[in-house]
Amino acid sequence: MATSTSAQTGNIDNLSTASKGLSLNRFDSPWLNPKFVAGCILLLIVLLMSLLGPLVYDTTKARVASSPLNLPPMWMEGGSPAHPFGTESNGRDMLAVIITGAPRSLQVGIIAAVIGMSVGVVLGSLAGYMGGWVDGVIRTLSDAIITIPALAVLIVIAAYVKNFELNTMAFILALFAWPAPTRLVRAQVLSLRERGYVRMARLSGVPPLEIMLKEMAPNMLPWLAASLSGNISGAILASASLEALGLGPTRIPTLGMTIYYAIKAAAIIRGMWWWWGFPILTLVIIFVGLFLVATGLDEIANPRLRGASSS
Amino acid sequence: MGGLTKGYVLRRVLMFFLTVFIGSTIIFFIPRLAPGDPVSSMISRMMAQSGYVENSAEIIAAWRLRFGLDGPLWEQYLKYLGNLLTLDLGYSLTNFPVTVMDLIRRGLPWTLFLLSIATILAFIFGNTIGAMLGWRRTPKAMKAVLPFTLTFTSIPFFMLAILLIYVFAFGLKWFPVSGGYGRGVTMGLNWEFIKSALYHAILPALAIVITSMGGWALGMRGMMISVDSEDFLILAQAKGLKPARIFWRYAVRNALLPQFTALALTLGSIVGGSTLVEYLFAYPGMGYLFYQGIVNQDYTLIQGVSFILITTTALAVLLIDLVYPLLDPRITYQKR
């Protein structure tokens, strides 16, 4: 599968670049796509920080009252080198909070998105291709769940449940992560199956599974890649949002929880930007990284896209 | 083929009711699947907060009655559904004589106003940017600039909202920090109020528009590229049509269609995201009600707001679904 796509990719690239009169370096690997690489680097930074951070930095300083209060970052007046990113009003060290909080966010996002995506692709292609009652049942379910603002339901659940574990949160988020890919895959399949080449394949008696995998799936790939990465950000965002409202796991200082404390202590209008700024910056690095990986993957998977971009 | 048939409309309307039914069933049952019932968990939370609660047994009994938690589960469920049908969401636990519906009636217009404006603007801007990015013939200079605007838009609603408050409300003092309208302005159809409401809406709306643009652009870009190699575009070029006409009437028109499905799909998350934006700006809409419900442990309010958000989102999706087949004749709804 992979080899055949890349061969195809090469052909089409050759054609499109040749027609534009540009030279093509045949040793250019599509995986060296600048956006994809940049995104991976951003995600790697966060990963390395959370893996190596505890080895070189004392993460027990993430506990309440372990550090002096309200210190600004070390490069500002009054900052101390012992607390490079400053401290907040509960005596937590910001750098330690970020090192311990970042992997939690990634964990929740990846678990929820991968579950949601796998379920979505299977159900979506089934619904779109089979039609009939299969479509009816799947569509009814996904329709119902997709239009439910997940956060609204999560708030109801979190308000009732006292102790929220991180993985429980991921599974509950997955409950709302599958309908989006399901519906979009279904819409794509519906649109694709009216196309000439799919009709032709059907008329020639190609079995449905083969049509889905060989004729339709490659056309949906760029979209699926973007969607998975979007789903991960979506799940991370949902968990961070819930935490920022003060709902969620309370035992570990997650990034969202830190933002909640900052909002509650009016850090925004007290000018303590480092309190909310660093957790948000960490989350934004994750989101931008995922976004770049998605666009990069798009261009790697879809030769037409590379033909369209000038790079 | 296609078009708006009577059967299709009927099915969509039935789907709407089914959606609301399933949604309200989820918010009824999932909390009850959790260990312990809401009332005792509420009491234990109160205990955790204030250390000691007087007459907790009596409070539990009284609240159980008010929640209708004394009958068997199916009976509670039927009563709950019956109440929803008449939009009777019960009394707010913390503002007792006020019903949940009263609170929502005050909050909903704010949310509808903020969300519809922000969503429409984001849809227009995002799709235009995405279409230009996916278009082979867009000037290179523009293509180099546009991705940057998108990269910044992968920041979530509420995080950008915090940044906007810090920079434009706290730092530069250009816009108010919080609220839906100025103090001393009377609510009503007067110019003062409208001006004040618009002024207060700028920052929250900006947070939503800037952050949701990127999603539209990303999807649109992909669709434009798929459309780019369609035969009808080659024909349009061969006919020698003007590039602008090919772009808008041939490419964008076709690529835009799936974006309407996407609009229906993302409404739920937009509503969720705006909840947080409203909470940050203390904007007097549904999101702020939600937050008040959370802070005050007001379960009837939380459940009521959740139900109304589910219903209004479902209604918006119904409208989009009814418009969609009019726009895209390629999708056939007839059974084959």
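Among contacts in chain A between residues at least 6 apart in sequence, what percentage join residues at least 24 apart? The answer is 73%, where two residues are in contact if their C-beta atoms, placed from the backbone, lie within 7 Å. This is a predicted model, in which local features need pLDDT of at least 70 and side-chain atom pairs count only at pLDDT 80 or more, while totals for chains, interfaces and linings use all residues. Residues are numbered from 1 along each chain as its sequence is written, and chains are lettered from A and ligands numbered from 1 in the order in which they are written.

Chain A has 12 helices and 0 strands; helices (H or I, at least four residues) and strands (E, at least two) are DSSP runs, numbered from the N terminus. Of its 311 residues, 53% count as buried. A residue is buried if 20 or more other C-beta atoms lie within 10 Å of its own, exposed if 12 or fewer, and partly exposed in between, with C-beta atoms placed from the backbone.

Helix H10 (residues 255-264) of chain A is largely enclosed by the rest of the structure, because 9 of its 10 residues are buried. Among them are Leu255(A), Met257(A), Ile259(A), Tyr260(A) and Tyr261(A). After H10(A) comes Ala266(A), with a positive phi near 55 degrees.

Two packed helices are described by the angle between their axes and the distance between the axes. Here axes are lines fitted to C-alpha atoms, for helices over the stretch in contact, and angles run from 0 to 180 degrees between N-to-C directions. In chain A, helix H2 (residues 34-56) and helix H3 (residues 94-130) have axes that come within 9 Å and cross at roughly 125 degrees. H2(A) and H3(A) are therefore oblique to each other: angles under 35 degrees count as roughly parallel, over 145 as roughly antiparallel, 65 to 115 as roughly perpendicular and the rest as oblique. On the H2(A) side, Val46(A), Met49(A), Ser50(A), Gly53(A) and Pro54(A) meet Ile99(A), Ala102(A) and Pro103(A) of H3(A). By class, this contact has 6 nonpolar, 2 polar and no charged residues; Ala, Val, Leu, Ile, Met, Phe, Trp, Tyr, Cys and Pro count as nonpolar, Asp, Glu, Lys and Arg as charged, and the others, Gly among them, as polar.

H8(B) passes H11(B) in a right-handed crossing. The residues of this contact divide into 12 nonpolar, 7 polar and 1 charged.

Met223(B) lies in helix H8 (residues 191-228) of chain B. Met223(B) counts as buried because it has 23 C-beta neighbours inside 10 Å. Leaving aside neighbours within four places in sequence, Met223(B) is in contact with Ala255(B) and Pro258(B).

Finally, the two chains meet in a contact that takes 52 residues from chain A and 59 residues from chain B. Elements giving two or more residues to the chain A side include helix H9 (208-244) and helix H11 (273-301) of chain A. By class, that side has 38 nonpolar, 8 polar and 6 charged residues.

Conventions. Left-handed = near helix turned anticlockwise from the far one by under 90°.
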